[in-house]
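Trainee: I have a structure open and some questions about it. Can we go through them one at a time?
Mentor: Go ahead.

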Amino acid sequence: MSGPPFTLRPYTAADEDAAIELWRRTWQLAYPQIDFSARLDWWRQRWRDELVPVATITVAETTDAAMLGFVTVDPATFDLDQIVVAPEAWGMGVASALLADAKRISPQGLDLHVNKDNVRAIRFYEKQGFTVSGEAINWRSGAPVHKMSWRP
């Protein structure tokens with residue numbers, strides 16, 4: 001399935017509002033029973049305090065600079081904390097391109113956590129060479145998660 005062309009580039013501070021809104025609306029669609037708008041202040045603090053200072057963030061955008069997705073990677077810990085793609089861009093190859101960039105940023109490996117009920121994401125990660133490497137509980141939501149890992 002083809003869609004509008006997109007490019008990847010490094011995140012800048014000017015992208016914060018667009019990234020946070022993309023996170024909100026994507027997660028809201030995935031989990032409609034949770035009010036993500038009520039979590040925006042918490043998420044903005046986490047973004048500023050926990051992710052931006054340590055992660056290398058890559059943004060995917062259309063030719064007219066609309067953000068289609070982003071990925072956050074900490075190559076020191078292999079932690080891929082977030083990969084978010086706008087629902088209207090699903091199936092366009094944005095997630096695959098972002099994940100390929102994450103592997104470039106952290107060539108020794110990547111680890112991530114995915115909710116066990118997110119079958120679509122688990123299938124995607126498996127196609128990208130990730131395997132389930134552990135089980136955990138999301139300490140924020142209490143949801144069971146798979147730890148998934150990629151090693152070259």
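Trainee: Is Arg46 buried or exposed?
Mentor: Arg46 is buried, at a relative accessible area of 7%. Buried means under 20% relative accessible area, exposed over 50%, and partly exposed in between, with a 1.4 Å probe and protein chains only. Before you go on: this is a predicted model, where local features need pLDDT of at least 70, side-chain atom pairs count only at pLDDT 80 or more, and totals for chains, interfaces and linings use all residues. Residues are numbered from 1 along each chain as its sequence is written, and side-chain values use heavy atoms, with hydrogens and water left out.

Trainee: Which residue forms a salt bridge with Arg46?
Mentor: Asp81 does, with the closest N and O atoms 2.6 Å apart. A salt bridge here is a side-chain nitrogen of Lys or Arg within 4 Å of a carboxyl oxygen of Asp or Glu.

Trainee: How many salt bridges does a search of the whole structure find?
Mentor: It finds 12. One of them joins the side chains of Glu21 and Arg24, at 2.8 Å from N to O.

Trainee: How far apart are Glu21 and Arg24 in helix H1?
Mentor: They are 3 residues apart in H1 (residues 16-30), so about one helical turn separates them. Glu21 is partly exposed, at 34%, whereas Arg24 counts as buried at 18% relative accessibility.

Trainee: Changing topic: what does Thr26 touch?
Mentor: Leaving out residues up to four places away in sequence, Thr26 touches Val84, Val85, Ala86, Pro87 and Trp90. Contact means heavy atoms within 4.5 Å. Thr26 is in helix H1 and is buried, at 9% relative accessible area.

Trainee: Last one: which residues of H3 are buried?
Mentor: Val94, Leu98, Leu99, Asp101, Ala102, Lys103 and Ile105.

Key:
Helices (H or I, at least four residues) and strands (E, at least two) are DSSP runs, numbered from the N terminus.
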